[in-house]
Amino acid sequence: PQAAPAPQPPSLAKMALDAVRGLISEPMKVIWYTWVGGVALSFCYVISSFFVAGQALSSAYGFSVVFEGLQVVAYSVGGTIVLKNAAYRSPLAIGFLIGLSFMLTLDMLVVAVLAGANLAAFPLPSAPAPAEGAVVAFSVMLFIVYLALTCMMILFKDVLVQQSPLAAEDEAAFPSRPVYDDGAYADDPASAPGATAGGYDSAVL
């Protein structure tokens with residue numbers, strides 16, 4: 001009898017496809033790992049921005065680069081608190097985080113263009129700050145990371161948002177149905193005491 005053929009090792013494409021399927025099946029883990037990578041890049045950008053601002057020929061450009069770095073730090077700290085604590089992942093918090101992520105995506109694109117223009121005008125050997133190239137690199141990488149985070153948070157917002165019992169609180173604060181004196185809600189406006197077929201109290205009319 002012929003020997004059974006040796007099993008072939010999985011191809012690189014199949015391994016990559018299996019890895020992608022595994023990541024898609026755990027979107028929260030993908031978002032968190034991407035977020036951690038963005039936090040690491042943000043601190044690298046901030047350090048580079050301080051060096052650029054200290055030697056920049058334009059004070060306005062140095063301020064804009066540093067101010068963008070401070071926004072990135074605030075976004076990283078606030079977003080980490082929201083993502084790590086399920087109690088804070090309300091629809092409002094996730095929506096605010098998505099909006100900030102999209103805004104910083106555009107800001108990083110602007111910073112990359114400005115820093116790249118400075119590099120084009122002043123080559124690296126005579127650049128006003130040797131860290132200018134680092135600012136370009138980190139701003140481009142943050143642009144990609146923030147764009148990916150924005151898309152993932154929009155696609156998987158149902159995974160991020162915790163189903164907290166906010167509906168009952170909203171109903172108590174802004175009731176959409178008539179409320180009796182004992183605090184109970186009417187199932188049908190027409191069934192409320194004194195209501196007519198149209199749902200209005202004839203005594204009031």
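Start by selecting Tyr61, Val72, Tyr75 and Ser76 in α3 of this predicted model; they meet Glu132, Tyr146 and Met153 in α5. Coloured by class, the contact of α3 with α5 shows five nonpolar residues, one polar and one charged.

Next, show the axes of the two helices. Two packed helices are described by the angle between their axes and the distance between the axes. For α3 and α5 the angle is about 40° and the axes lie 13 Å apart. Their crossing is left-handed.

Now centre on Tyr75. Leaving aside residues up to four places away in sequence, Tyr75 touches Trp35, Leu97, Leu100, Ser101, Leu104, Tyr146 and Met153.

Move on to α4, residues 91-121. To check its length, take the distance between its end C-alpha atoms: 45 Å. This agrees with expectation, because 31 residues at 1.5 Å a residue should span 45 Å.

Within α4, select the buried residues: Ala93, Ile94, Leu97, Ile98, Ser101, Leu104, Thr105, Met108, Val111, Ala112 and Ala115. Leu97, Ser101 and Leu104, in this buried set, are also among the residues that Tyr75 touches.

The buried residues of α4 pack against α2 (27-55), α3 (59-84), α5 (132-155) and α6 (157-160).

Note on methods
Residues are numbered from 1 along each chain as its sequence is written. This is a predicted model: local features need pLDDT of at least 70, side-chain atom pairs count only at pLDDT 80 or more; totals for chains, interfaces and linings use all residues. Side-chain values use heavy atoms; hydrogens and water are left out. Helices (H or I, at least four residues) and strands (E, at least two) are DSSP runs, numbered from the N terminus. The expected span of a helix is 1.5 Å times one less than its number of residues. Buried means under 20% relative accessible area, exposed over 50%, partly exposed in between (1.4 Å probe, protein chains only). Contact means heavy atoms within 4.5 Å. Axes are lines fitted to C-alpha atoms, for helices over the stretch in contact, and angles run from 0 to 180 degrees between N-to-C directions. A crossing is left-handed if the near helix is turned anticlockwise from the far one by less than a right angle, and right-handed if clockwise. Ala, Val, Leu, Ile, Met, Phe, Trp, Tyr, Cys and Pro count as nonpolar, Asp, Glu, Lys and Arg as charged, and the others, Gly among them, as polar.
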